[in-house]
Amino acid sequence: MQEQIMDSCLVQSPDQAMALLHPLRADIVSRLVEPTSAAELARTLQETPQRMNYHIKALEKTGLIRRVGTRQVRNLVEVLYQAIARTFVMAESLSLSAETIERLKDHGSLAQLISSAEQMKKDAVMLLERSETGSEVPSASLQLQIPLDDQEQRQAFIEDYVAMMKQLVHKYAARNSEAALYQVMLSVYPKPEQGGS
């Protein structure tokens with residue numbers, strides 16, 4: 001049932017590059033060296049079957065993975081998928097337009113936002129369970145909105161934002177390297193209902 005796959009694949013398509021920049025999709029491709037079903041991947045990665053099927057279909061559409069067979073599981077027939085290669089290398093000759101490069105950057109940033117949000121949710125659930133046993137779990141959250149008119153203003157805001165956070169982290173990190181570590185996750189994105197530009 002396992003098909004021969006390439007040791008390495010040179011990625012020359014922007015769509016494939018964008019798919020591989022998505023953390024979950026990259027993880028899925030890396031796990032498909034052996035034929036695996038979407039249901040099995042969902043269990044392994046602790047994702048819902050619906051979400052896994054969505055990403056599998058997107059990866060199949062880009063040609064990074066393919067169907068290689070089926071198997072009977074109780075009264076269901078599962079489709080098996082496999083990556084087309086063991087490793088993927090981005091081609092230097094990818095003639096990407098400025099627009100595509102921006103899309104890749106945006107895509108990577110949004111994928112990171114999803115990944116960070118999922119990590120925060122998992123951490124919060126674990127800490128909530130700990131707090132139910134009587135352990136103190138100090139935490140804080142902050143949500144703000146700021147109007148940013150154009151690309152120039154957004155860029156200036158990001159630069160100030162990063163500089164201030166580096167200064168703040170340095171101030172407290174220098175005090176005690178033996179202290180308990182606290183996770184800090186910061187994100188900036190347009191409100192979805194407004195779309196952003």
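The crossing of helix 2 and helix 3 is right-handed, the near helix being turned clockwise from the far one by less than a right angle, where helices are DSSP runs (H or I) of at least four residues, numbered from the N terminus. In this predicted model, local features need pLDDT of at least 70 and side-chain atom pairs count only at pLDDT 80 or more, whereas totals for chains, interfaces and linings use all residues. Residues are numbered from 1 along each chain as its sequence is written, and side-chain values use heavy atoms, without hydrogens and water.

Helix 2 (residues 23–31) and helix 3 (residues 38–45) pack at an angle of about 115°, their axes lying 11 Å apart; these axes are lines fitted to C-alpha atoms over the stretch in contact, with angles from 0 to 180 degrees between N-to-C directions. Leu-24, Asp-27, Ile-28 and Arg-31 of helix 2 make the contact with Leu-41, Thr-44 and Leu-45 of helix 3, contact meaning heavy atoms within 4.5 Å.

Ala-19 belongs to helix 1 (residues 14–21) and counts as buried because its relative accessibility is 4% (buried is under 20% relative accessible area, exposed over 50%, partly exposed in between, with a 1.4 Å probe and protein chains only). Leaving aside residues up to four places away in sequence, Ala-19 touches Arg-25, Ala-26, Leu-59, Thr-62 and Leu-64. Between Ala-19 and Val-29, 10 residues apart in sequence, the C-alpha to C-alpha distance is 9.6 Å.

Ile-158, in helix 6 (residues 151–173), counts as partly exposed because its relative accessibility is 33%.

Terms used: Helices (H or I, at least four residues) and strands (E, at least two) are DSSP runs, numbered from the N terminus.
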